[in-house]
Amino acid sequence: MFFTLFIILSFMEIVLATRNNRKVREISRIFRGYDVRFLSLDAFPGCPDVEEDGKTFRQNALKKAVSIARFTGCTAIADDSGLEVMALGRAPGVFSARYAGKGADDRKNLMKLLREMRGLEGEDREARFVCCIAIAFPDGSYKTFTGYAKGEIAKKPKGFNGFGYDPVFCPAGYDLTFAQMTASEKDRLSHRGKALKKLYIYLKNQFFIHGRNDLL
Ligand code: IMP
């Protein structure tokens, strides 16, 4: 009896509300070594796509997590993230993925950002990445965790790692962009790494998950 209970409490299966394999890999990497198994949406054929039409990262993340938990009957995690440039009134914000228009790729979004920021110097180049992670349970309850990475926007793209705005984002205190860092260096500093760390602490306290990860 005790043994069965221990297994139930120490092993969690969580659906990641994304079809983006990069995100599944990134989250699995950060939780490597823990008693958490992440399932992708591919394990649930017929799962509807959820439109990201919220005004905030939190609204979008919650909408996705709650819908997927309802559809799958499993605990679900969703995130929404993006870049905020203070001098641009926090743009591109929730529109980060489609800043240069619907269907625009990373390169087009990044080049639009550099164009919009032409002539801006010093403090006006300050920016932050934001990531909100929502966890929703089959009983309808939920919780959200937000992480930030502060930095500034470089004048030219540098580096080839990562994705999105990584080639122009220099985290505070570094001369390198995220795209010039290794994945684990970025995980330690990133908005997503910080939000996941909060989620991890919550899960550990609530569900006794076990493991070892030097990042956490
Ligand atoms: P989403 O969370 O997948 O909707 O991400 C929205 C957009 O924000 C991405 O397409 C990227 O343009 C940008 N973004 C979010 N996180 C990062 C990051 O860690 N590096 C670079 N760009 C990011």
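Is Lys 64 buried or exposed? Lys 64 counts as buried, at 8% relative accessibility (buried is under 20% relative accessible area, exposed over 50%, partly exposed in between, with a 1.4 Å probe and protein chains only).

Some friendly notes follow.

1. This is a predicted model, where local features need pLDDT of at least 70, side-chain atom pairs count only at pLDDT 80 or more, and totals for chains, interfaces and linings use all residues. Residues are numbered from 1 along each chain as its sequence is written, and side-chain values use heavy atoms, leaving out hydrogens and water.

2. The structure holds 7 salt bridges (a side-chain nitrogen of Lys or Arg within 4 Å of a carboxyl oxygen of Asp or Glu). One of them joins Lys 64 to Glu 52, with the closest N and O atoms 2.9 Å apart. Lys 64 lies in helix α3 (residues 57-72) and Glu 52 in the loop between β2 (36-39) and α3, so the pair ties together parts 12 residues apart in sequence (helices are DSSP runs of H or I, at least four residues; strands are runs of E, at least two). Glu 52 is partly exposed, at 31%.

3. Lys 63 and Asp 53 also meet in a salt bridge (3.0 Å, N to O). Lys 63 is in helix α3 and Asp 53 in the loop between β2 and α3, 10 residues apart.

4. Arg 192 and Asp 79 form a salt bridge (3.4 Å, N to O). Arg 192 sits in helix α6 (residues 191-207) and Asp 79 in strand β3 (residues 76-85), so the pair ties together parts 113 residues apart in sequence. Arg 192 is buried, with a relative accessible area of 3%, and Asp 79 is buried at 7%.
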